Amino acid sequence: AYVLLMLIPARGGLYAVRIFAALIAVILAWQTMRLADDLRLRNASLAGVFVIFQPLAFSLASDTMTEIPMALGLVLSLRCWLNQRWAASCLLMSVLPYFRPEGFFLALLWGLAILALPYTQAFPVWWKRFFIGSLLLTGTVCVIIVGFIISHDALFFWHEWPWQTGLTQPGSF
């Protein structure tokens with residue numbers, strides 16, 4: 001998914017892609033500060049500083065690795081959750097598995113959290129929970145549709161991912 005986001009800046013070359021990655025890191029720092037504000041933490045502006053000046057995050061800020069955009073998606077999902085925008089939170093979470101594999105586990109936890117929400121005016125009936133929880137499948141459905149459009153194989157990404165046991169090419173990871 002991050003590769004698709006980089007298609008436009010990639011036309012400008014490696015420096016344009018690195019500037020784009022650094023911009024994503026700056027947005028991550030900004031959204032982390034806003035999350036700290038939402039949580040009413042003292043010195044919320046330091047949250048962004050602590051994110052950027054971690055040695056690993058600082059080195060990844062201008063690289064094309066997926067950790068920074070995954071963190072941004074997670075922070076945005078958390079902010080939506082805290083503001084009771086559960087549908088938007090689930091939609092954001094549904095695409096995170098395509099940034100990093102741990103997104104699958106986070107999406108599962110998000111679904112369990114939807115089920116665990118207390119029954120209130122916003123969530124009085126089970127079918128609203130079911131509908132909002134089903135939004136966690138949106139990213140997977142989109143990947144299946146794109147796979148079918150690209151290769152006429154709905155499970156294209158499943159068949160082509162090299163991390164599956166027994167499906168790797170000789171010499172690959």
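User: How do the residues lining the second largest pocket divide into nonpolar, polar and charged?

Analyst: There are 8 nonpolar residues, 5 polar ones and no charged ones. Nonpolar covers Ala, Val, Leu, Ile, Met, Phe, Trp, Tyr, Cys and Pro; charged covers Asp, Glu, Lys and Arg; the others, Gly among them, are polar. The model is predicted: local features need pLDDT of at least 70 and side-chain atom pairs pLDDT 80 or more, while totals for chains, interfaces and linings use all residues. Numbering runs from 1 along each chain as its sequence is written, and side-chain values use heavy atoms, without hydrogens or water.

User: What is the volume of the second largest pocket, and which residues are closest to its centre?

Analyst: The second largest pocket holds about 270 Å³ of space. Phe 104, Ala 107, Leu 108, Leu 136 and Leu 137 are the closest to its centre among the 13 lining residues. Helix H8 (103–116) and helix H9 (126–134) are the elements giving two or more residues to this lining, and H8 supplies the largest share, 5 residues. A pocket is an open set of points on a 1 Å grid where a 1.4 Å probe fits, with protein on both sides within 12 Å along at least five of seven lines; lining residues have an atom within 4 Å of a point.

User: What do the buried residues of H3 pack against?

Analyst: They pack against helix H1 (2–5), helix H2 (7–10), helix H4 (45–52) and helix H6 (67–82). Among these buried residues are Phe 20, Ile 24, Leu 28 and Leu 35.

User: How do you know whether the span of H3 agrees with its 25 residues?

Analyst: The expected span is 1.5 Å times one less than the number of residues. For H3 that gives 36 Å, and the end C-alpha atoms are 36 Å apart, so the two agree. Just after H3, Arg 40 has a positive phi of about 60°.

User: How many disulfides are there?

Analyst: The count is 0, a disulfide being two cysteine sulfur atoms within 2.5 Å. For Cys 80 the nearest cysteine sulfur, that of Cys 90, is 9.9 Å away, so Cys 80 is in no disulfide.

Definitions and conventions: Helix = DSSP H or I, 4+ residues; strand = E, 2+ residues; numbered from the N terminus. Buried < 20%, exposed > 50% of the residue type's maximum accessible area, 1.4 Å probe, protein only. Contact = heavy atoms within 4.5 Å. Points joined across faces, edges and corners; volume = space filled by probe spheres on them.
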